[in-house]
Amino acid sequence: MASATDSRYGQKESSDQNFDYMFKILIIGNSSVGKTSFLFRYADDSFTPAFVSTVGIDFKVKTIYRNDKRIKLQIWDTAGQERYRTITTAYYRERGRQLADHLGFEFFEASAKDNINVKQTFERLVDVICEKMSESLDTADPAVTGAKQGPQLTDQQAPPHQDCAC
């Protein structure tokens with residue numbers, strides 16, 4: 001299979017468009033909290049204790065399977081420096097659980113270093129997105145969408161697939 005390489009991360013991304021859905025996920029937080037480590041642990045199953053500050057925004061791509069659908073995740077890693085704080089101030093860890101409870105979101109604590117809850121956090125996020133998409137498609141008016149029947153995601157568990165490092 002042909003692939004393109006992102007020189008900064010050594011990222012391999014399939015050059016074809018062979019996926020059912022693409023989800024863009026944004027990781028935000030304070031400087032030096034481990035956003036990049038969290039992303040690398042999930043996308044590459046690697047951890048490096050050395051600190052390298054992210055400049056601006058970088059991203060990685062990973063393809064997973066859910067409910068017989070191939071889903072490409074485009075995961076964006078934001079810089080946590082002061083100049084980017086305008087998009088992160090509402091999400092500090094000391095207020096994270098309280099904010100999640102208030103907004104009706106799920107809350108996870110994870111460790112990239114010890115590989116705790118990293119994969120589970122991303123998998124749950126993908127499941128929630130799929131559930132919301134399915135709800136949206138179920139309630140969509142065919143006259144408005146112009147479709148007779150949209151693609152459906154189900155609540156059935158997908159057969160286990162080997163994770164790929166796309």
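Student: How do α1 and α3 lie to each other, roughly parallel or roughly perpendicular?
Tutor: Two packed helices are described by the angle between their axes and the distance between the axes. Here the axes, lines fitted to C-alpha atoms over the stretch in contact, with angles from 0 to 180 degrees between N-to-C directions, come within 9 Å and cross at roughly 80°. Angles under 35 degrees count as roughly parallel, over 145 as roughly antiparallel, 65 to 115 as roughly perpendicular and the rest as oblique. Therefore α1 and α3 are roughly perpendicular.

Student: What kind of model is this?
Tutor: Residues are numbered from 1 along each chain as its sequence is written, and side-chain values use heavy atoms, without hydrogens and water. Local features need pLDDT of at least 70, side-chain atom pairs count only at pLDDT 80 or more, and totals for chains, interfaces and linings use all residues, since the model is predicted.

Student: How many helices and strands does the protein have?
Tutor: Helices (H or I, at least four residues) and strands (E, at least two) are DSSP runs, numbered from the N terminus. Along the sequence they follow the pattern β-β-β-α-β-β-α-α-α. The total is four helices and five strands.

Student: Which residues of α3 meet α1?
Tutor: Contact means heavy atoms within 4.5 Å. From α1 come F38, R41 and Y42, and they meet α3 at V118, K119, T121 and F122.

Student: In what order do the strands of the three-stranded open sheet stand?
Tutor: Two strands pair if DSSP finds at least two bridges between them. The edge strands are β3 (21-27) and β4, each pairing on one side only. The twist averages 20° from one strand to the next. Pairing in this sheet is mixed, and the order is β3-β5-β4.

Student: At what angle to β3 does α3 run?
Tutor: Helix α3 covers residues 118-139. The helix lies across β3, β4 and β5, and its angle to β3 is about 125°.

Student: How far apart in space are T48 and K113?
Tutor: T48 lies in the loop between α1 and β4 and, at 51% relative accessibility, counts as exposed. T48 and K113 are 65 residues apart in sequence, but from C-alpha to C-alpha the distance is 8.1 Å.

Student: What share of the residues counts as buried?
Tutor: The protein has 166 residues. The buried share of them is 31%.

Conventions. Buried < 20%, exposed > 50% of the residue type's maximum accessible area, 1.4 Å probe, protein only.
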